[in-house]
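Here's a quick briefing to read with the model open beside you. Take a look at the fold, then work through the notes by topic.

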Amino acid sequence: MEDLSLIQRLRTEIRKSLDALTLSVTSGAVDNIETYKYTIGQIKAYEAILQDISNLLEKKEQYEKRIGNIVDLKK
């Protein structure tokens, strides 16, 4: 259970960073094309990380559900 709280905290921090980067791009705080490209790259990386975390958690949930519903018919 401690692992899940760590993952949730990590997701929260990544989302905060992602929101800050998105705000800087949409508010016009990016002043040149190099910074813009770098910031967009960071945004894409954070989104990919969040998607990977979600995919891994979904697989874990599906595995746990499958384990809990096994019925031994041989008994």
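Helices here are DSSP runs of H or I with at least four residues, strands are runs of E with at least two, and both are numbered from the N terminus. By that count the protein has two helices and zero strands. It's a predicted model, so local features need pLDDT of at least 70 and side-chain atom pairs count only at pLDDT 80 or more, while totals for chains, interfaces and linings use all residues. Residue numbers run from 1 along each chain as its sequence is written, and side-chain values use heavy atoms, with hydrogens and water left out.

**Overall numbers**

- Of the 75 residues in the protein, 13% are buried, where buried means under 20% relative accessible area, exposed over 50%, and partly exposed in between (1.4 Å probe, protein chains only).
- Take the contacts (heavy atoms within 4.5 Å) between residues at least 6 apart in sequence: 62% of them join residues at least 24 apart.

**The nonpolar core**

- A nonpolar core is a set of buried Ala, Val, Leu, Ile, Met, Phe, Trp, Tyr and Cys residues joined through side-chain atoms within 4.5 Å.
- The largest one has seven residues: Ile14, Leu18, Leu21, Ile43, Leu50, Ile53 and Leu57.
- Both α1 (2–26) and α2 (33–68) supply at least two residues of this core, with α2 giving the largest share, four residues.
- Setting aside neighbours within four places in sequence, Ile14 is in contact with Tyr46, Ile49, Leu50 and Ile53.
- Leu18, another α1 residue, is buried at a relative accessible area of 10%.
- Not counting residues up to four places away in sequence, Leu18 touches Ile43, Tyr46, Glu47 and Leu50.
- Leu18 and Gln42 sit 24 residues apart in sequence, with 8.1 Å between their C-alpha atoms.

**Along helix α1**

- α1 has 25 residues and reaches 36 Å from its first C-alpha to its last, close to the 36 Å expected at 1.5 Å a residue; the expected span is 1.5 Å times one less than the number of residues.
- Which residues of α1 are buried? They're Arg11, Ile14, Leu18 and Leu21.
- Arg11 belongs to α1 and counts as buried because its relative accessible area is 13%.
- Leaving out neighbours within four places in sequence, Arg11 is in contact with Leu50, Ile53, Ser54 and Leu57.
- Ala20 is also in α1, but counts as partly exposed because its relative accessibility is 46%.
- Ala20 and Ile43 are 23 residues apart in sequence, and their C-alpha atoms are 9.7 Å apart in space.
- After α1 comes Gly28, which has a positive phi near 85 degrees.

**The salt bridge**

- How many salt bridges does the structure hold? It holds one, where a salt bridge is a side-chain nitrogen of Lys or Arg within 4 Å of a carboxyl oxygen of Asp or Glu.
- The partners are Lys16 and Glu13, and their closest N and O atoms are 3.5 Å apart.
- Side chains of opposite charge can pair when their charged atoms come close.
- Lys16 and Glu13 are both in helix α1, three residues apart, or about one turn of the helix.
- Glu13 is partly exposed, at a relative accessible area of 46%.

- With neighbours within four places in sequence left aside, Thr39 is in contact with Leu21, Ser24, Val25 and Val30.
- Ignoring neighbours within four places in sequence, Tyr36 is in contact with Val25 and Val30.
- Tyr36 and Val25 are 11 residues apart along the chain, and 7.2 Å separates their C-alpha atoms.
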